[in-house]
Amino acid sequence: MNVAIPARHPDHPRPVPAMVRSFAQLLGLQKPTPEQWRSLGERLTVGDEPMDLLVEWMTSAGMEQTRPLFDRVLAEGIENVPEAPEPLREFFVRIETIPDWVDPDKLRRGARALRRGGADGMYVARDVALLGGYQFSGFNKTLLRTGALEKGSNKRFAETMRWAMDVISEGGLDPLGVGYRSTIRVRLIHAFVRRHVAAMPDWRGDEWGVPVNQTDMAATLVGALIAPSAGGIGMGILPAPADLDGIAHVTRYVGWLIGVQDEWLPQNFRDGVRVLYHTLTALAAPDESTKQLAVPMADDPMAWNYRNLAGLRRRVARAQHLSVTSGFLGPRAMRALGLAYVPPWYPLLRIPLNVTRSVAALTLPGGMKRAADRGRREQEDLLHTMIGDAEATIGDSAAHVSRVA
């Protein structure tokens, strides 16, 4: 059966940033086949049926009663909430039944490798994946309607970073682990946003598709977990082959938990780069919303929390993060984002240190654990620098959407 493809889907693959194109070529990846290209367009019309049906029931039954039950099941497990109604039971039995393909050892290895990326890995997630993602004007249509400009990109990334840190924490993806719970919360928020934005009178489904659709979710998934790993290699964070397999396995399981369909769940790291490359060719279409969102985010470091020499350190941080964006995305993308190109001095400075640390982690007894512990401390320090003593609560910036869903 032919599906009407929304007008936002381009006629042919678009250019992608040089970093991604080079990495894809190195791995022998090709542009999407005609079948893959059509699927990218068709999945713009597909949401997340299991969670969408659950939110429909929660709304009709009364969010005041059903949301506390949802949160309790998420925290305690469905078997410990015998009074849970059937819609909740059906959804959580499915989610709590771990797929046969999940390998706990690979999950632990992948999470450790992502922690080892430290602050530099998070810089790639912020400065390349999220900031560069504002070139996805179709995705921006949803983002702007959830109040992204009013809530601010600093808050949004802090919540995203909190989710990522939960996912890659020690045991985070274990049954009922903190990363598992955070991922299901994000999935619920996505369903609230889909319901809320699709009902807006100015939403043009024939042009834009479904809010938070499968194609956008796949791009966000690999942008959050695969892109920082690939970018980390470019900054000298050298992984073992088994680390890359582990990172891909984390991405696959997290994608399954968050409601991404099987065709977008990477089988290995190379396959994860394929999904990143293919979605970028379909989604990278900047418009006026690109600069609306990107320029304020580039200025976020000017409000970060530094104890000493705050003014100087904020200006250095702004230049540092722009150098990361410039180095990985290139001059053309910087122009599309409305930002000045800054020579990639920070990535170049970090390469010798990160290579040295990588060699130590890969060769010395206990090196991987020490590197992961150091990386975790760097990530916690970065989050504190961004938001101070405030809590980064997942879903807080979209709380108003869940109230009116």
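## Aromatic pairs

Is Tyr 253 buried or exposed? In this predicted model, Tyr 253 has a relative accessible area of 2%, so the residue is buried, the cut-off being under 20%. Its ring also has a partner: the centres of the Tyr 253 and Trp 256 rings lie 6.1 Å apart, with the planes at 15°. Planes under 30 degrees apart count as stacked, and therefore this pair is stacked. Both residues belong to helix H14, which covers residues 241-258. Because Tyr 253 and Trp 256 are 3 residues apart there, about one helical turn separates them.

Looking at the whole structure, you will find 7 aromatic pairs. Phe 91 and Phe 92 make one of them, with 5.3 Å from centre to centre and 85° between the planes, an edge-to-face arrangement. Phe 91 is buried at 3% relative accessibility, and Phe 92 is buried too, at 0%. Together with Phe 70, Phe 91 and Phe 92 form one aromatic cluster.

## A charge over a ring

The charged end of Arg 252 sits over the ring of Trp 101, at 3.9 Å from the ring centre.

## The second largest pocket

How many residues line the second largest pocket? There are 19, and those closest to the pocket centre are Tyr 123, Tyr 306, Arg 313, Asp 381 and Thr 385. The volume of this pocket is about 490 Å³.

Four helices each supply at least two lining residues: H7 (118-132), H17 (310-337), H18 (345-363) and H19 (367-387). By residue type, the lining of the second largest pocket comprises 8 nonpolar, 5 polar and 6 charged residues.

## The enclosed cavity

Searching the whole structure turns up 1 cavity of 30 Å³ or more. The largest cavity contains about 110 Å³ of space, and 13 residues line it. Nearest the centre of the largest cavity are Arg 116, Gly 117, Asn 354, Arg 357 and Arg 374.

Which elements give two or more residues to the lining of the largest cavity? They are H7, H18 and H19; these helices also each supply at least two residues to the lining of the second largest pocket.

Conventions. Residues numbered from 1 in each chain as written. Predicted model: local features only at pLDDT ≥ 70, side-chain atom pairs only at ≥ 80, totals over all residues. Heavy atoms only, no water. Phe/Tyr/Trp six-rings, centres within 6.5 Å; stacked < 30°, edge-to-face > 60°. Buried < 20%, exposed > 50% of the residue type's maximum accessible area, 1.4 Å probe, protein only. Lys NZ or Arg CZ within 6 Å of the ring centre and 35° of its normal. 1 Å grid on protein atoms, 1.4 Å probe; cavity = no way out; pocket = protein on both sides within 12 Å on 5 of 7 lines; lining within 4 Å. Points joined across faces, edges and corners; volume = space filled by probe spheres on them. Nonpolar A, V, L, I, M, F, W, Y, C, P; charged D, E, K, R; others polar.
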